[in-house]
Structures are given as C-alpha cells and as structure tokens.
Amino acid sequence: MKRADIVFSGMRPTGRLHIGNYWGALKNWVGLQNRYSCLFCVADWHMLTTGYNDTSHIQENCREMVLDWLAAGLDPSKCVIFRQSDVPEHAELALMLGMVTPLSMLEHNPTWKEQLQELAKTKAGMAAAGEATHYEENKQGVSYELRTFGFLGYPVLQAADVLLYHGTKVPVGQDQLPHLELSREIARKFNHAFGPVFAEPQPLLTSAPKVPGTDSRKMSKSYGNAIDLCEAAASLETKVKAMYTDPTRKRATDPGHPEPCPENEPGCAVFSLHTLYADEAFVKARGEDCRAGRLGCSACKKDLLAEMSGPFDAFRARRDSYKVSDVDAVLSSGAEKARAVARETMAEVRAAMRLR
Ligand code: SF4
C-alpha cells in the first residue's frame, strides 16, 4: 500500500546513463515507486546552471535519459515522470523563494565553491598559468562566465523543485545531506515570513555502492571511464578487457588485493563490478582465489563479461522496445499531472504572500 509521503527526485539530462547512475540512484527509484507517490524530474533547467553555453543536445539528452529510466523499470503508471521546463511553476516558486534566501547562504554553499573550482580547473592553460579564473571555455574556445546568478542560485531552484509538490522525502546519500538542508532552510525562511505553507522535506537515506570507472576512479562521463547502461556488446567487451586491476599484481600467481585498502588504493575495479553482477558465493570465492594468486586477471575479466552480458542484453532489448514518441507521450502526460499539483501549490503560495 502506498504511503502518504511524497518522494521527489531528479537528474540533470546528461544523455545516456552509465552504470554508476543506475547503481547510485536509478535502481533505488525503481523500488521507491512501489512504496510511495513518486515524482521523477528531468532537471533540464539545472543543466543550464553550468552548461548554458551549449544547449544543442539538451532535448536529445532528455529523451535518451528517459529511455534509460523506462528500460530500468520506472513505470509511468506508478510514478510521475516529467521534464522540469514543462512546468513553469518551478521558475515562479524559485523566484518567490529567492526573495527570502540570504545571499550568504548561497555563497557559503560548499558545493558551489567546489564546483566552481572544479570547472575552472578544466580551462586549458590554467594550470600552467597557475591562476584562479571564473571563466570556462566551450569546445569552440569561447569564454563564458561561470559566476552567474543561475549557478549561485541553483539551491533555490532545487528547493522549489521539491516544495512545489510538497515533497516530504528526498532520496539522498549521506554526502548529499547538506544539499537537502539548504532546501529545508529555505522552506523554514518562507514559512517564517508568510506562514506555514511548506513541510520541511526529510532525507530518505539510501546506501549506494561505489561504482568505479574502468580506470578505477569514480565513474564519470567527463573522465571517459564510464560504461553506459545500454553499452553495445562489442564495446562492453572492449571496456571490460581494458579495465584496471590490482596495480601491484604483475603475474597471475602474485597474491592480489581485490578490495580497496589503505596500502593499496583503490583495489581492483573488476572485483568491484563482480560484487554488483555476481552472487555472494562467487564473489567470496573470487576474492579468495585472487588473494591466493590462483587466477589470472584475463580469466577474471572473462567471467565478469559473462556476468554482465545477460543483464546488458536484456536492458538493450527493453530500451529498443520504446520509440521516441513513447518518451514524448510519457513526458507530456507526466507534465500534465505535475502541473495540476504545481498550480495548486502556487495558488497557496500567492495567497500566503498576498499577491493575488
Ligand atoms: S584476479 Fe580478478 S579480482 Fe584479482 S586483481 Fe585480477 S581482475 Fe582483480
């Protein structure tokens, strides 16, 4: 039976998702849709906060991501799937919330500061110059400003996303709790100024496995180490074969270190994926064989490929069963449902603010 809680979550449309996105969030969403009233948002306006200089693929990326959502098991009859920009009330509420949000709260947001540094680091030549810069360059070498109102204010838009639907629960990992606290603080500020309109959204803490990329670093498209959820059979094989293993192991008979440990960070990426795609008994035996030097890494990768091939084939088949028009229909019906709620909330907000 569904509970009264309303779960809200979203993803920026980066195109095809990788397995880190699946194990880190999407798999959890698929379970949540059976237990709560869920809204899952394609956060295309959030994409603009750091990527406004190139919007040429934004619509295609929205569709590709929703295809992955559907193939992974999100069911539009059980949850609302919609695109943020189809519900303009997100912008209206963000504007209103912006009125009560102190600038200092946004300027002290550690994520904003870190992201700014991270983005600036990628600017060609910056390392050589050794200078901090707030400019980024797109592929054509055109500089664009990163210290924008939109980028600084993204937590206000994030708060609006959740509060617009009176979201009571937000699935987050431990490291994302500070983001949610900003939304809660903004809700408190609004309620203090205009009366109790919003419940403070609570975290729905979820533990997600760390998914390493093929080079053992965190899986990320920007590192070029990602395995897409719908990776074709041939390229899956190529990527698995090229995966980093235990760097201390030179021969098949050398004792391996499958798990990450302080002396041997980051462990073996192949082993990490075994823990996701093989059963517990296999993982235990594989760990023992590796540590005892009873197995070569090529054979181990072959086993991993065999484990992954079935789920990947099934995923691609489910994905191929949807047409672009199916995605458009899902988004359009989701937008209607989301807007119905959003309009009611904005009527409450305007009344509380004595606007109309
Ligand atoms: S045998 Fe397997 S688990 Fe051990 S280091 Fe090689 S690839 Fe990793």
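Student: Arginine 217 first: how exposed is it, as a relative accessible area?
Tutor: Arginine 217 is partly exposed, with a relative accessible area of 41%. Keep in mind that this is a predicted model.

Student: And what does arginine 217 form a salt bridge with?
Tutor: With aspartate 215, where the closest N and O atoms are 3.0 Å apart.

Student: Is aspartate 215 buried or exposed?
Tutor: Aspartate 215 is buried, at a relative accessible area of 15%. That falls under the 20% cut-off for buried. Arginine 217, at 41%, is partly exposed.

Student: How many salt bridges are there in the whole structure?
Tutor: A search of the whole structure turns up 23. One of them joins aspartate 68 to arginine 319, at 2.6 Å from N to O. Aspartate 68 belongs to helix 3 (residues 58–72) and arginine 319 to helix 14, so this pair ties together parts 251 residues apart in sequence.

Student: Are aspartate 68 and arginine 319 buried or exposed?
Tutor: Aspartate 68 is buried, and arginine 319 is buried too.

Student: What does arginine 286 meet in a salt bridge?
Tutor: The side chain of aspartate 303, with 2.8 Å from N to O. Here aspartate 303 sits in helix 14 and arginine 286 in helix 13, so the bridge ties together parts that are 17 residues apart in sequence. Arginine 286 is buried, with a relative accessible area of 8%, while aspartate 303 counts as partly exposed at 29% relative accessibility.

Student: Which residues are linked in a network of salt bridges?
Tutor: Glu181, Arg184, Glu185, Arg188, Lys189 and Glu200 are linked that way.

Student: Switching to the ligand. Where does it sit?
Tutor: In the largest cavity. Its surroundings are Thr245, Asp246, Arg249, Cys268, Val270, Phe271, Cys290, Cys297 and Cys300. By class, that shell divides into six nonpolar residues, one polar and two charged.

Student: Which helices each supply at least two residues of the shell?
Tutor: Helix 12 (269–277) and helix 14 (297–320) do.

Student: What volume does the largest cavity have?
Tutor: About 110 Å³. The search of the whole structure finds one cavity of 30 Å³ or more.

Student: How many residues line the largest cavity, and which lie nearest its centre?
Tutor: The lining has 14 residues, and Arg249, Cys268, Cys290, Cys297 and Cys300 are the ones nearest the centre. Helix 12, helix 13 (280–291) and helix 14 are the elements that give two or more residues to this lining. The largest share, three residues, comes from helix 12.

Student: What about the classes in the lining of the largest cavity?
Tutor: Eight nonpolar, three polar and three charged residues.

Student: OK, pockets. How much space lies in the second largest pocket?
Tutor: About 430 Å³. Its lining has 20 residues, with Phe149, Gly150, Gly153, Tyr154 and Val156 nearest the centre. By class, the lining has 14 nonpolar and six polar residues, but no charged ones.

Student: Which helices each supply at least two residues of that lining?
Tutor: Helix 2 (44–51), helix 4 (89–100), helix 5 (103–107), helix 8 (149–152) and helix 9.

Student: Back up to helix 9. How many of its residues are buried?
Tutor: Nine of its ten residues are, and that leaves helix 9 mostly covered. Among the buried ones are Tyr154 and Val156, both of which lie nearest the centre of the second largest pocket along with Phe149, Gly150 and Gly153.

Student: And leucine 164, where does it lie?
Tutor: In the loop between helix 9 (154–163) and strand 6 (169–172). Leucine 164 counts as buried, at 0% relative accessibility. Its C-alpha is 5.6 Å from that of alanine 342, a residue 178 places away along the chain.

Student: What about phi of arginine 354?
Tutor: Arginine 354 has a positive phi of about 55 degrees, and it is not a glycine. Arginine 354 is found in the segment after helix 15 (324–352) and counts as exposed, at 72% relative accessibility.

Technical notes
Residues are numbered from 1 along each chain as its sequence is written. This is a predicted model: local features need pLDDT of at least 70, side-chain atom pairs count only at pLDDT 80 or more; totals for chains, interfaces and linings use all residues. Side-chain values use heavy atoms; hydrogens and water are left out. A residue is near a molecule or strand if one of its heavy atoms lies within 4 Å of it. On a 1 Å grid over the protein atoms alone, a cavity is a set of points where a 1.4 Å probe fits but cannot get out, and a pocket is an open set with protein on both sides within 12 Å along at least five of seven lines; lining residues have an atom within 4 Å of a point. A molecule sits in a cavity or pocket if more than half of its atoms lie within 2 Å of its grid points. Helices (H or I, at least four residues) and strands (E, at least two) are DSSP runs, numbered from the N terminus. Ala, Val, Leu, Ile, Met, Phe, Trp, Tyr, Cys and Pro count as nonpolar, Asp, Glu, Lys and Arg as charged, and the others, Gly among them, as polar. Grid points are joined across faces, edges and corners, and a volume is the space filled by probe spheres set on the points. A salt bridge is a side-chain nitrogen of Lys or Arg within 4 Å of a carboxyl oxygen of Asp or Glu. Buried means under 20% relative accessible area, exposed over 50%, partly exposed in between (1.4 Å probe, protein chains only).
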